[in-house]
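Please find below my notes on the model, as numbered points. They take up the surface first and the confidence of the prediction last.

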Amino acid sequence: MDLTIYFKFFLGLVAIINPVGLLPVFVSLTSHQTIAERNQTGKVANLAVVIILLVTIFAGQHILNMFSISLSAFRIAGGTLICIIAMSMLQGKLGEVKRNKEEDREASGMESVAVVPLALPLMAGPGAISSVIVSAAEYNTFENLIGMSITIILFGLLSFSLFRMAPVIFKVLGNTGINVITRLMGLLMLSIGIEVIAAGVKGLFPGMMY
């Protein structure tokens with residue numbers, strides 16, 4: 001068992017989903033809630049994210065096969081999307097490319113914001129789903145799929161813990177501190193996206209790599 005695979009996968013989830021960067025959004029969306037309600041919202045949101053990503057791990061390859069999409073082509077598409085989101089993060093923008101104004105209006109009229117827009121599309125957005133599909137297709141043995149599933153659950157626990165401490169963390173770090181972390185995560189995420197694109201290009205055009 002190569003633990004490096006799971007560690008890299010975990011870091012990828014942290015960079016792409018960026019729960020620290022989403023803390024201001026979480027605090028804003030739950031500002032009208034009590035502490036107990038806010039904790040429940042965080043629990044439901046992270047549980048939804050874990051379920052979405054677990055389904056993606058085991059169904060992602062079947063979806064690609066259904067549409068006759070090669071892994072290399074999906075790597076290029078997914079890597080490009082990850083790079084676009086990363087560029088937005090490097091500019092200090094939080095989740096703007098993951099949702100639109102219509103989704104904001106829809107969310108503002110809901111009593112619960114746990115699933116929409118927190119879990120989907122802010123956390124388990126296109127970038128995260130693309131990354132999980134690529135990883136699951138690349139390391140598609142049963143052992144690796146179980147290992148990545150456990151990694152996703154551990155990420156969910158970490159993210160839930162951060163959301164529980166959201167007001168304190170937000171107060172300590174402030175907007176400046178969170179923006180710095182978001183930009184660092186954006187840089188890491190951009191590197192991941194470029195690596196994914198390079199692997200896709202190598203798969204589609206093997207002759208170009210020699």
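1. Helix 8 (residues 142-164) supplies the largest share of a nonpolar surface patch, namely six residues. Helices here are DSSP runs of H or I with at least four residues, and strands are runs of E with at least two, numbered from the N terminus. The patch is made up of Phe58, Phe142, Ile146, Ile150, Ile153, Leu154 and Leu157, and together they have about 680 Å² of accessible area. Areas come from the Shrake-Rupley method with a 1.4 Å probe, and for residues only the protein chains shown count as cover. Patch members need over 30% relative accessible area and no salt bridge; nonpolar side chains (Val, Leu, Ile, Met, Phe, Trp, Tyr) are joined within 5 Å, like charges within 9 Å. A salt bridge is a side-chain nitrogen of Lys or Arg within 4 Å of a carboxyl oxygen of Asp or Glu.

2. This is a predicted model, in which local features need pLDDT of at least 70 and side-chain atom pairs count only at pLDDT 80 or more, while totals for chains, interfaces and linings use all residues. Residues are numbered from 1 along each chain as its sequence is written, and side-chain values use heavy atoms, with hydrogens and water left out.

3. Phe10 and Phe155 form an edge-to-face pair, because their planes stand at 75°, with ring centres 6.4 Å apart. Phe10 belongs to helix 1 (residues 3-17) and Phe155 to helix 8, so this pair ties together parts 145 residues apart in sequence. Phe10 is partly exposed at 22% relative accessibility, whereas Phe155 is buried at 0%.

4. The rings of Phe26 and Phe163 are stacked, because their planes are at 25° and their centres 4.5 Å apart. Phe26 sits in helix 2 (residues 23-29) and Phe163 in helix 8, so parts 137 residues apart in sequence are tied together by the pair. Both Phe26 and Phe163 are buried.

5. Helix 6 (residues 114-123) contains Pro117, which is joined to Val116 by a cis peptide bond with omega of about 10°. Pro121 is also found in helix 6; a cis peptide bond joins Leu120 to Pro121, with omega about 15°.

6. Asn18, in the loop between helix 1 and helix 2, has a positive phi near 50° although it is not glycine. Asn18 is buried, with a relative accessible area of 6%. Ser68 likewise has a positive phi, near 55°, and lies in the loop between helix 3 (35-66) and helix 4 (71-90). Ser68 is exposed, at 68% relative accessible area.

7. The chain's mean pLDDT (the predictor's confidence in each residue, from 0 to 100) is 86, and 88% of the residues score at least 70. Confidence is highest in helix 8, at a mean of 96, and lowest in helix 5 (residues 101-108), at 51. The pLDDT falls below 50 over residues 107-111, a stretch with six contacts in the model beyond near neighbours in sequence (a contact means heavy atoms within 4.5 Å).

How values were computed
Rings of Phe, Tyr and Trp (its six-membered ring) pair if their centres lie within 6.5 Å; planes under 30 degrees apart count as stacked, over 60 as edge-to-face and the rest as tilted. Buried means under 20% relative accessible area, exposed over 50%, partly exposed in between (1.4 Å probe, protein chains only).
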